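Take a look at it first, then we'll go through some of its parts.

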Amino acid sequence: MDTFLAALFSGTSRGAIYALVALGLVIVWRGAGVVNFAQMGQAMFSTYIASTLIQNGNPYWVGFFVALFAGAALGALLDILVMRPLSNKKKTELLSSESMRAAIPVIASLGILGVLQALAGIIWAAEERGFPAPAAQEGFTVAGSVMPFTSFDVFVISIVLATLTMTTIFFKKTGVGLAMRATALNQEVARLSGIRTNFTRTLSWAISGAASSLAGLLITPTSNLSPNTLDLVLIIGFTAAVVGGLDSPAGAVLGGFILGLVISFVTFYLSPEDVFLSILAVLLIVLIVKPRGILGGKDSRRV
Amino acid sequence: MLTIENLTTSFGSVIALDGISMSAQESKITTVIGANGAGKSTLLRTISGLESPTSGSITWEGQSIVGRKPEDIVRAGIAHVPEGHAVISELSVEENINMGSLFRRRTHKSDVAASLEEMYQLFPRLQERRKQLAGTLSGGERQMLAISRALVSRPRLLLLDEPSLGLAPLVVEQIIDCVNTLCRSTGLTVLLVEQNANTALGVADHGVLLALGKVVADRPAAELKADSTLRAAYLGY
C-alpha cells in the first residue's frame, strides 16, 4: 500500500511537470505550426539564469520570476530572429515540396537546441549543479509515519494546475486568445480579419517559453541542472503531447499525467531500466489505437 | 473609391493579371465577371494584399495600398471574403464573427457588440447556431458567416469572391439580395467577383469583363448583359 501511494504521488507530481512541457509544445505547434525541439534548451538556459541569481544571494522568487520572464523573452526572440525570417523564405523555388518546407523550422529548432547547450556550457561550465526548491522536499508526517508526499509535490501540482486553468481561460475567453487560435488554424482568414499574425505567433513562442521555463524550474530541484539534463524531460514531454494529441492542450495535460504515472509505477514495481520501454509501449499502443492521439481532432496531423 | 491602374500580378512565369485598369464606384456594386482562370480571384487577392503585384497601382480613398499587409488593408476599410466560404471550421459561429471585429474591440467597444447583433438580425440562422462549430454549417450558412465576419470589421469596400459557388439557386438569391440591400441602405461599395455572370449583372450597377488577365469590357451592367456578342465570345452562353 505504501509503495502504491508513493508511486501514485510521485507520478502525479512528475506528470504535472511533463504536462507543462507538453503544453508548451502544443502552444507553439498550434500557434506557429512548429514542433519546437529547442524548448527545453530554452528552459535550461533560463533555469541557469535563475540559478546564478539565487547563488549570488537573491531570494528564490526573484530568480523564479526572472527565469519566467527570460524564458518568454528568449522564446519571442527565437521567433523574431530565426523562425520569422525562415517562414518568409518559404516560397523559394528550391524547396517546393510542402513536407520539406514544414521540416525547415523543426531542423532549425534542433540547431537552436545545440547552440543553447553549447552556450550554456561556455557560460556556466558543463558540470551539474543543484537547484533549490521553494518548499520542503521531506514527506509529510501523518500519525507518526512519513508519507511519500512532500510540500514541494503539493507546490508543483498546484502551480501546474493553476497554469493550465489560466491558459485555458486565456485561449477560450480573451480576444488575444481567439486571435492566436485563429492564426494557428487558418492564417489567411486570420489576416483578412485584421489579426496581426506575426505578433500572435511571437506571443505563442513567448507563452510557450514561459511555460517551459516553469517546467525547468520545477524539475531541476529533483534532477539537478546541467546543459543536457532537460533533454530527457523534452523527450517525455513530446511523447506526452503526441499521446494526448499534438493539437489539443487538454490532451497534452492528460498525456503528461499518464506518462508521469506510468513511469512512476514502472520505477516502483518493476525497475528503473524498464522506464524507456514503458514509454515506448504507451506511445505504440496509443498510436495504433488512436493515431491522432487520445484527444486529437479529426483534422490534426497523423504522427 | 477604389482605382486600379495597369495592375500586373504574376506567379513565376504565369501572368494572372496583365495590366488591369478599372475602378469601383462609391456605394455601387461593381461586378467582375469572366471564365475560369480569367484572373478574377487574383484581382481581389491583390487588392486585399494577399498577393503582391509586379507593377501598377491600387489607390483607395486617395492613398496607395500596394505593398501594405492584408491585416492593415482590412483596418483601412477593405474587407475580403475569399472564395470557398472561408470560415474557420474549428471555431464556433460566434467566434468566427468576433474574429472580424477583434482589432476594433478596444477602440469601438459598444459598436462591436452592436455589429454582432446586426449580423444576427441579418442572418437569424447564425444566431440559432451561434455556439455550433462553423464546420457543422451548411454551405449557404458558411457563406453567410464569412460575409458576417467581413461586415463586422465595418468596411467601406466589400470584396466578394464567388459567393454563389456550390450553393443552391435559392440560397444564392438570398445572399445576393442581402448584399444588394446592404449596398443600397448603408452605402457600402461592393466589388463582386462571379462566374455566374447572369446573376451578378442582374444586381450590379457596373460590369467589368476579364479574359486571360485583361479587361475586355468595362460598361454599365445592363449594357453588358444585353451584349450577346460579348456574352457568346467570353462567357459561352
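Let's start with strand pairing in chain B: S1(B) is joined by 5 bridges to strand S4 (residues 55–60) of chain B, and the two run antiparallel. Keep in mind that this is a predicted model.

**Strands in chain B**
- Strand S1 (residues 2–11) also pairs with strand S2 (residues 14–24) of chain B, antiparallel again, through 8 bridges.
- Which residues partner Thr3(B)? In S4(B) the bridge partner is Thr59(B), and in S2(B) it is Ser23(B).
- The hairpin of S1(B) and S2(B) has 2 residues between the strands, and Gly12(B) there takes a positive phi near 60°.

**Helix H9 in chain A**
- Helix H9 (residues 231–244) of chain A has 14 residues and spans 20 Å from first C-alpha to last, close to the 20 Å expected at 1.5 Å a residue.
- Is H9(A) mostly covered or mostly uncovered? Mostly covered, with 11 of its 14 residues buried.
- Among those buried residues are Val233(A), Leu234(A), Ile236(A) and Phe238(A).
- The buried residues of H9(A) pack against helices H1, H2, H8, H10 and H11 of chain A.
- Just after H9(A) comes Gly245(A), with a positive phi of about 105°.

**Where the chains meet**
- Chain A puts 17 residues into the contact, and chain B puts in 21 residues.
- On chain A's side, helix H6 (175–185) and helix H7 (187–192) are the elements giving two or more residues.
- H6(A) supplies the largest share of that side, 6 residues.
- Chain A's contact residues split into 7 nonpolar, 5 polar and 5 charged.

Technical notes:
Residues numbered from 1 in each chain as written. Chains lettered and ligands numbered in written order. Predicted model: local features only at pLDDT ≥ 70, side-chain atom pairs only at ≥ 80, totals over all residues. Contact = placed C-beta atoms within 7 Å. Helix = DSSP H or I, 4+ residues; strand = E, 2+ residues; numbered from the N terminus. Nonpolar A, V, L, I, M, F, W, Y, C, P; charged D, E, K, R; others polar. Pairing = 2+ DSSP bridges. Expected span 1.5 Å × (residues − 1). Buried ≥ 20, exposed ≤ 12 C-beta atoms within 10 Å, placed from the backbone.
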